Amino acid sequence: MSDLTTISTPSQESRASLAPIQLFGSAVDSFVQQLRLAGQALRAGRLDEAISSYFKLLPLKPYHAELHNSLGVALRQAGKLEAAVSHHRLSLASDPENPALHSNLGNALRAANRPGEAVKHHFQSIALNREYADGFLNLALCLRDLGRVDEAVGCFTRALALNPESKRTRTEHAVALLMRGDLADGFAAYEARKRLPEIPAPDFSQPAWDGGPVEGKRILLYPEQGLSDVLLFVRFARELKRRGASVLVLCQAPLKDLLRNVDFIDEVVAEGETLPAFDLHASMVSLPHLCRPDFACVSEPYLKAPQDKLVKLGRLDRARLSIGIYWGATGSQPQDRLRSAPFAKFVAFAGDPELLVFSLQGGAHQKDIQQFGAAGLVHDVGRGIFDFAEAASALSQLDLLISIDAPIAHLGSAMGLKTWVLLQSNADWRWQLGGTHAPWHPSARLFRQPKAGDWDSVFASLQNELELLKIQA
């Protein structure tokens, strides 16, 4: 999303902050100077410093629109979402006809998982200024969250017409295309992400692969984003092998032993290790564009567990199904909290004697088992799993995996394991928009929130499907 901290068409009080600053004299310590210094801290990512500075300025100008707006942006970036919303409302009350303030309030409401309220302010921002490119971008993001993807594509198109050089808009527009299933066009457009500052170019002297002939070449595939993308897109290495390339994979250390077991990969090296010689390189996220595959034919299983099981799961006589569960995203961002499902919902069906439930959870959420008194219901094997080869060995002994949107969901699906994926209402584009299946994994079944935060409906559907599955077992 795009925020303005120096607001457009400011009120008379805020216009003072745009005046030139004297370098000497009493003006150095003025409100305007302090506001600008706080803004510099905010833009540099020094959030605690910026927030502290803004709080000190509030008693001097309690109704200053730009001060409340900037403080709202800083608080939202710090994850203090309700406070951010309130400061944006105070900002808007001081300057109600300002399109940027409506848009920034919409951004805070979107971050707080209140998209219905957010979209109203985004619409108001572009109603006030039909030439406001950032307003159209922010509206498009919110419409995309609400599943109104065709409308979002229209707004992205308008934003690009107003600001054709916006790398952010081009990337987000590509994500919308991918969400609605326009995979070929979407992945081509998604190459725009490489121009974003958070995705730096790799430091290789060898040339990047442009999709041309690779026969006899050694091509290094590298991870650009997270673990999930490696698990999802490494499948396209098979196509490079078919074309006669030697496929080398650079990956995160927890993936190394798993990927060494893949028959279409010649060599695997973990980040931090010495790289082998290679001729070309490519991001794994770019492979769907560069390989130009038939997306209808890329769904067969391609990952497998090591032959020697590294993790051994037990059985119980009365249990008809062995189920693995994963419920908590390991990040600390607001989006990670939205992806996480309540552990109590899993405890509710763990008392069924026909179900043997294993936790594959990693990270801080492992403590939920003890905190909920569920150690006798949910068998914690996650504490003994330290890489994805071990995770694969555990998954290979299960009948079903139930997971939120997390790397292990991609692993289970890539192995061909029956995988039920629990998705928030505005799910990641990799699971596409609507429906119960994604194009990548035929063994995956998607359970989506019908509205933001509605896990009750998700688990009600899941419970019904579990009963049917027990009958079939």
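Throughout these legends, a residue is called buried when its relative accessible area is under 20%, exposed when over 50%, and partly exposed in between (1.4 Å probe, protein chains only). The model shown is predicted, so local features need pLDDT of at least 70 and side-chain atom pairs count only at pLDDT 80 or more, while totals for chains, interfaces and linings use all residues. Residues are numbered from 1 along each chain as its sequence is written, and side-chain values use heavy atoms, with hydrogens and water left out.

View 1. With a disulfide taken as a pair of cysteine sulfur atoms within 2.5 Å, the count here is zero. Cys 155 is in no disulfide, and the nearest cysteine sulfur, that of Cys 142, is 10 Å away. Cys 155 counts as buried because its relative accessibility is 11%. Cys 291 is buried too, at a relative accessible area of 3%.

View 2. Helices (H or I, at least four residues) and strands (E, at least two) are DSSP runs numbered from the N terminus, and two strands pair if DSSP finds at least two bridges between them. Look for strand 1 (residues 218–222) and strand 2 (residues 246–251), which run parallel and are joined by four bridges. Here Ile 219 stands opposite Val 247 of strand 2.

**View 3. Strand 8 and its neighbours.** All five residues of strand 8 (residues 400–404) are buried. Leu 400, Ile 402 and Ile 404 lie on one side, with Leu 401 and Ser 403 on the other. Strand 5 (residues 321–326) runs parallel to strand 8 and is joined to it by four bridges; Tyr 326 has Ser 403 as its bridge partner. Between strand 8 and strand 9 the chain passes through helix 20 (residues 407–414) in a right-handed β-α-β crossover: with the strands pointing away from the viewer, the path from the first strand over the helix to the second runs clockwise.

**View 4. Helix 20.** Seven of the eight residues in helix 20 are buried, among them Ile 408, His 410 and Leu 411. Just after helix 20, Gly 416 takes a positive phi of about 85°.

**View 5. Nonpolar cores.** A nonpolar core is a set of buried Ala, Val, Leu, Ile, Met, Phe, Trp, Tyr and Cys residues joined through side-chain atoms within 4.5 Å. The largest has 126 residues, and Leu 259 and Leu 303 touch the most other members. Helix 8 (residues 133–145) gives this core its largest share, seven residues. A separate core of 17 residues includes Ala 41, Tyr 54, Leu 57 and Leu 67.

**View 6. Phe 372 in a loop.** Phe 372 sits in the loop between helix 18 (368–371) and strand 7 (378–380). Phe 372 is partly exposed, with a relative accessible area of 45%. Not counting residues up to four places away in sequence, Phe 372 touches Phe 343 and Ala 344, where contact means heavy atoms within 4.5 Å.
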